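User: I would like to learn how to read the features of a structural model step by step. Could you take me through one, giving the general idea before each case?

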Amino acid sequence: MKKIYFIIISLLMALPAMSSEIAVLPYRIKNPSDTLTLAAGADYARMIGIAAMLTKSGIKITQPVDIESGMKIFGISPQETITARQLRIFGKERNIDYILVGSLSRAKGRYATESVLYSVKNDRVISRNKSRSSDIFKLAAKETEEAFTTFDNLSRDALQPTPLDTAFLIDISYRINSDWPAVKEAILEYAAEKIDRKGMDANILIIPFSDSSQTDRTTISSNSLINLKKNLENLKPAGGADRNSFSRSLNHAIQNSRWRHDSDKKLIIISNTPISKAPDIEKNAALARRKGIRISSICLGRLTGESRESYLKISEMGSGKCLNAAYHQRLFDTDGKALDVYLENGRLFKSRYHSPDWTKGLFEKSSAGGTGRHAEFLDEVFVTGSIEPSNMAEHIDRSSMTRILNKKEIESNFASLMKKLGPPGKKNKASKSEPVAKALLTDGRISVWCFIKDMDFSKFLMEKSKSRFVFTMGVSLTRDPDRTYGISINPAVREIPSDYIPANMKSNLDDMIKRPDYYISNGLTRPPVWFIEVKVEEFENLRKMKDIRE
């Protein structure tokens, strides 16, 4: 008998859990205004519902039209007092398991919410949540995660890239001043590649360090290229930096940055300040390993030999790389002949012909500190005294008896080094997968080819091509220069009734093509999902059929 009992229990435990139905009631609007009307309460509730449907498993969201009719029957109004008795009756009559009710306000450009999740079965509040953000989409995403924290996240689709969190720990002292324009440009290009062109769920963190109290242990977080550019422009190199400010900021970056548990985590140190024997290197490296953070460093022109010791050590212990920036400048002698000079890790070189390969590094083993064999097209110039990018021409003038009459701007290979820091630690199947079909979508004004990598979505759009009816689907955008409009429309969500979708998540193909930056950088999820009403004009299967004789 006991044996049968345990078999039955085991079978019951193996069964999938039933979905819990959750009703998200329209939010109460505190202090309604022209910028936050009463109608925003219902739209925000729909945003929470969509976010839960896209990110949580074991959840069924009650259709908004059913919620509105039920609220009328049971006398529930979001702007008036809502009692537990009203929610209990409403939930039992409609077979709802949980009800989320809350308030939404806006002051000084920031939104704020307060909400409670009520259990109908237990007749009690099981969680209380407060969230704030200047972005309504980020607010909804954050509140969804906090309100439904007991529900599992949806397993990530094999075609969806692994989230990426990259923190840049940047020396913002006066020493980086000449390199700062190139550093900013390279960081923006790095972010554009991840967020804009690849459509990754990428969060970029900026942690500046110096002896200035304004920058010490400050974190700037952004997954918007527009905001990232603005924040970088606001940073101005000033003051000095030492090993203590570096160590404090390093610890802050590891401990206090908002690293996501399922992300590929990178910490990239960029510095032009000599630091040796920084305190707590081993401790910080151990903390990073426990959090799954890989640490790499880029040492700029003033760092040579022992002055880069701490960066090399933390990179080695952090399972990353320590790279040296290389510099190039074209000089002209009194005869008008060009002379190209190069600098890396305190070693100066010259050449009468220029090779674009210098951006890969001047040494065969550049990542090991510029101690290997230098490139064949270079002749080393041995100098005495301190050398850095700004005085390369002076050293050439003194050491090689070559009178320099004119010179061009100094350039660095910083952007190339950023690419050398390697692909994400977790490989994405999406980057290698080929489309299985393509569909020509139209909204009546414009038509765009949509390339599909998912077999289920392919079948869905093939059926829609036969019906020729207008339907609603969720899509995301990525940059793709090979496509007609320079963007790729990627299928993301299907078969969600339009009643669920808030007005601020609806769009059309025409506007997406005109404003791709907005739709790539903003939105509820990562990558952002937007809903469009379209029909399929043409459908083509791209899979190669296998010949049975092969």
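**Reading the model**

Analyst: Buried residues make up 49% of the 550 residues in the protein, where buried means under 20% relative accessible area, exposed means over 50%, and partly exposed lies in between, with a 1.4 Å probe and protein chains only. This is a predicted model, in which local features need pLDDT of at least 70 and side-chain atom pairs count only at pLDDT 80 or more, while totals for chains, interfaces and linings use all residues. Residues are numbered from 1 along each chain as its sequence is written, and side-chain values use heavy atoms, with hydrogens and water left out.

User: How many helices and strands are there in the protein, and what share of the contacts joins residues 24 or more positions apart?

Analyst: Helices (H or I, at least four residues) and strands (E, at least two) are DSSP runs, numbered from the N terminus. The protein has 15 helices and 24 strands. Contact means heavy atoms within 4.5 Å, and of the contacts with a separation of 6 or more, 69% are between residues 24 or more positions apart.

User: Which residues have the most contacts inside the largest nonpolar core?

Analyst: In soluble globular proteins, nonpolar side chains tend to be buried together. A nonpolar core is a set of buried Ala, Val, Leu, Ile, Met, Phe, Trp, Tyr and Cys residues joined through side-chain atoms within 4.5 Å. Here the largest one has 103 residues, and Phe-148, Phe-168, Ile-187 and Ile-270 have the most contacts inside it. With neighbours within four places in sequence left aside, Ile-187 is in contact with Phe-168, Ile-170, Ile-206, Leu-228, Leu-232, Ile-270 and Met-418. There is also a second, separate core of 26 residues, which includes Ile-207, Ala-241, Ile-281 and Cys-322.

User: What lines the largest cavity, and which element gives the largest share of that lining?

Analyst: On a 1 Å grid over the protein atoms alone, a cavity is a set of points where a 1.4 Å probe fits but cannot get out, whereas a pocket is an open set with protein on both sides within 12 Å along at least five of seven lines; lining residues have an atom within 4 Å of a point. Grid points are joined across faces, edges and corners, and a volume is the space filled by probe spheres set on the points. A search of the whole structure finds four cavities of 30 Å³ or more, and the largest has a volume of about 120 Å³. Its lining includes Ala-42, Arg-46, Glu-68 and Tyr-500, and the largest share, four residues, comes from α2. The elements giving two or more residues to this lining are α2 (40-55) and α3 (64-73). By class, the lining divides into eight nonpolar, two polar and two charged residues, with Ala, Val, Leu, Ile, Met, Phe, Trp, Tyr, Cys and Pro counted as nonpolar, Asp, Glu, Lys and Arg as charged, and the others, Gly among them, as polar.

User: And what is the second largest pocket lined by?

Analyst: About 430 Å³ of space lies in that pocket, and of its 22 lining residues, Arg-28, Val-101, Gly-102, Ser-103 and Val-116 lie nearest its centre. At least two lining residues come from each of α4 (84-93), β4 (98-107), β5 (110-119) and β6 (124-133).

User: Which side chain meets that of Arg-46 in a salt bridge of 3.3 Å?

Analyst: A salt bridge is a side-chain nitrogen of Lys or Arg within 4 Å of a carboxyl oxygen of Asp or Glu, and a search of the whole structure finds 22 of them. Arg-46 meets Asp-499 in one of these (3.3 Å, N to O). The pair links distant parts of the chain, 453 residues apart, with Arg-46 in helix α2 and Asp-499 in the loop between β22 (487-494) and β23 (506-507). Arg-46 counts as buried because its relative accessibility is 15%, whereas Asp-499, at 21%, counts as partly exposed. Arg-46, Glu-68 and Asp-499 are linked in a network of salt bridges.

User: Where is Asn-345 placed, and is Asn-345 buried or exposed?

Analyst: Most residues other than glycine have a negative phi. Asn-345 has a positive phi of about 55° although it is not a glycine, and its place is in the loop between β14 (338-344) and β15 (347-351). At 14% relative accessibility, Asn-345 counts as buried. Asn-31 also has a positive phi, near 50°, but Asn-31 is exposed, with a relative accessible area of 68%.
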